[in-house]
Amino acid sequence: MAELNQMGQEGLARLHQRDAAALRAVVEDMARPLYRAARGMGFSQPDAEDLVQDVFRTFMETIDRFEGRSRVSTWVFGILHHKAQERRREFAREDAHDPIDDVFESQFDGTGGWTTPPVDLERQIASSEIAEAIGGCVDRLPAALREVFVLREMQGLDTAEACKILGRTVTHVGVQLHRARTRLRLCLESKGWKGSR
Amino acid sequence: MIGCREVATLLSTDQLGAQSGWHWFTARLHLAVCRSCRGLTRQLALLRQAAAAVDAQYDAEVGADFVDRVHQNLAL
């Protein structure tokens with residue numbers, strides 16, 4: 001993605017001209033990350049593949065509106081975000097208050113100290129084991145929180161890029177990430193992920 | 001003095017690095033002496049490790065010809 005992210009005026013012009021090589025480069029760089037993100041958001045394998053095609057179709061149709069002020073990856077992840085919302089018919093209605101906030105607060109006493117400290121997970125865990133354990137937990141996340149977690153933790157995007165993609169403020173994304181992480185930590189603890197303390 | 005709740009919130013919202021000098025320093029100092037909050041940092045690291053492992057599984061499930069198929073369907 002590095003090359004695309006450093007696109008200059010020449011690269012942008014080639015995209016606007018629908019230059020096949022430039023478009024192929026975008027597909028080569030972004031197809032698999034988009035697929036993985038769609039899977040992370042909960043779409044099935046066939047739906048995720050179809051979604052990727054749909055994202056690139058829209059990318060090619062709307063490419064004239066891309067002015068190069070953001071990375072190409074931000075632009076296409078933004079298309080994915082909107083397509084995913086359309087398909088889920090779930091328009092990010094989000095409660096100002098999430099019950100997980102009360103759960104988080106209940107972990108502290110009146111002075112702000114932990115009453116139930118996080119389990120200290122010190123042991124090394126096999127990737128397959130950890131992937132299996134977290135899979136069910138991620139599936140139970142509300143869609144909006146799941147999407148933030150996927151972009152930030154699975155795709156490794158920084159908070160600023162996630163904010164651009166989702167059209168949300170840094171504070172909003174931070175709160176959503178916090179809620180997702182709190183749910184996932186508690187979910188893993190409930191599965192018996194207890195290390196040494 | 002900054003407490004566990006505030007440090008935990010800064011860590012969990014990814015806002016620790018965005019803090020100004022003194023606030024950042026006191027939060028880091030708290031982390032240095034608080035085993036419970038360090039436990040939280042390890043849990044958050046574990047979540048990242050888990051997310052990367054799931055991501056790798058998704059990448060492995062899609063065929064090697066996936067990108068070629070996308071190219072073909074887009075007539076590129």
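**A walk through chain A**

Buried residues make up 51% of the 197 residues in chain A, and the model in view is a predicted one.

Visitor: How many helices and strands does chain A have?
Guide: Chain A has 10 helices and 0 strands, and its elements, read from the N terminus on, run α-α-α-α-α-α-α-α-α-α.

Visitor: And the contacts in chain A between residues at least 6 apart in sequence, what share of them join residues at least 24 apart?
Guide: Of those contacts in chain A, 72% join residues that are at least 24 apart in sequence.

Visitor: Let's look at A:R146. Where is that one?
Guide: A:R146 sits in helix 8 of chain A, the helix that covers residues 143–154.

Visitor: Buried or exposed?
Guide: A:R146 has a relative accessible area of 7%, and because the cut-off for buried is under 20%, A:R146 counts as buried.

Visitor: Which residues does A:R146 touch, leaving out those up to four places away in sequence?
Guide: With those neighbours left out, A:R146 touches A:R39, A:G40, A:M41 and A:G42, and also A:V138, A:D139 and A:L141. For A:G40 there is a further detail, in that its backbone oxygen lies 2.5 Å from a polar atom of the A:R146 side chain.

Visitor: New topic: how do the axes of helix 5 and helix 9 of chain A cross?
Guide: The axes of helix 5 (residues 72–88) and helix 9 (residues 159–166) of chain A come within 8 Å and cross at roughly 45°, which means that helix 5 of chain A is oblique to helix 9 of chain A. The crossing in which helix 5 of chain A passes helix 9 of chain A is right-handed.

Visitor: Which residues make that contact?
Guide: On helix 5 of chain A they are A:S73, A:T74, A:F77, A:G78 and A:H81, while helix 9 of chain A brings in A:E161, A:K164, A:I165 and A:L166. Sorted by class, the contact of helix 5 with helix 9 of chain A has 3 nonpolar, 4 polar and 2 charged residues.

Visitor: One more, A:D19. Where does that residue sit?
Guide: A:D19 is in the loop between helix 2 (9–16) and helix 3 (20–40) of chain A, and A:D19 is partly exposed, with a relative accessible area of 26%. A polar atom of the A:D19 side chain lies 3.2 Å from the backbone nitrogen of A:A21.

How values were computed. Residues are numbered from 1 along each chain as its sequence is written. Chains are lettered from A and ligands numbered from 1 in the order in which they are written. This is a predicted model: local features need pLDDT of at least 70, side-chain atom pairs count only at pLDDT 80 or more; totals for chains, interfaces and linings use all residues. Side-chain values use heavy atoms; hydrogens and water are left out. Helices (H or I, at least four residues) and strands (E, at least two) are DSSP runs, numbered from the N terminus. Buried means under 20% relative accessible area, exposed over 50%, partly exposed in between (1.4 Å probe, protein chains only). A polar contact is a pair of N or O atoms within 3.5 Å; within protein, one must be able to donate a hydrogen and the other to accept it, and residues adjacent in sequence count only if both atoms are side-chain atoms. Contact means heavy atoms within 4.5 Å. Axes are lines fitted to C-alpha atoms, for helices over the stretch in contact, and angles run from 0 to 180 degrees between N-to-C directions. Angles under 35 degrees count as roughly parallel, over 145 as roughly antiparallel, 65 to 115 as roughly perpendicular and the rest as oblique. A crossing is left-handed if the near helix is turned anticlockwise from the far one by less than a right angle, and right-handed if clockwise. Ala, Val, Leu, Ile, Met, Phe, Trp, Tyr, Cys and Pro count as nonpolar, Asp, Glu, Lys and Arg as charged, and the others, Gly among them, as polar.
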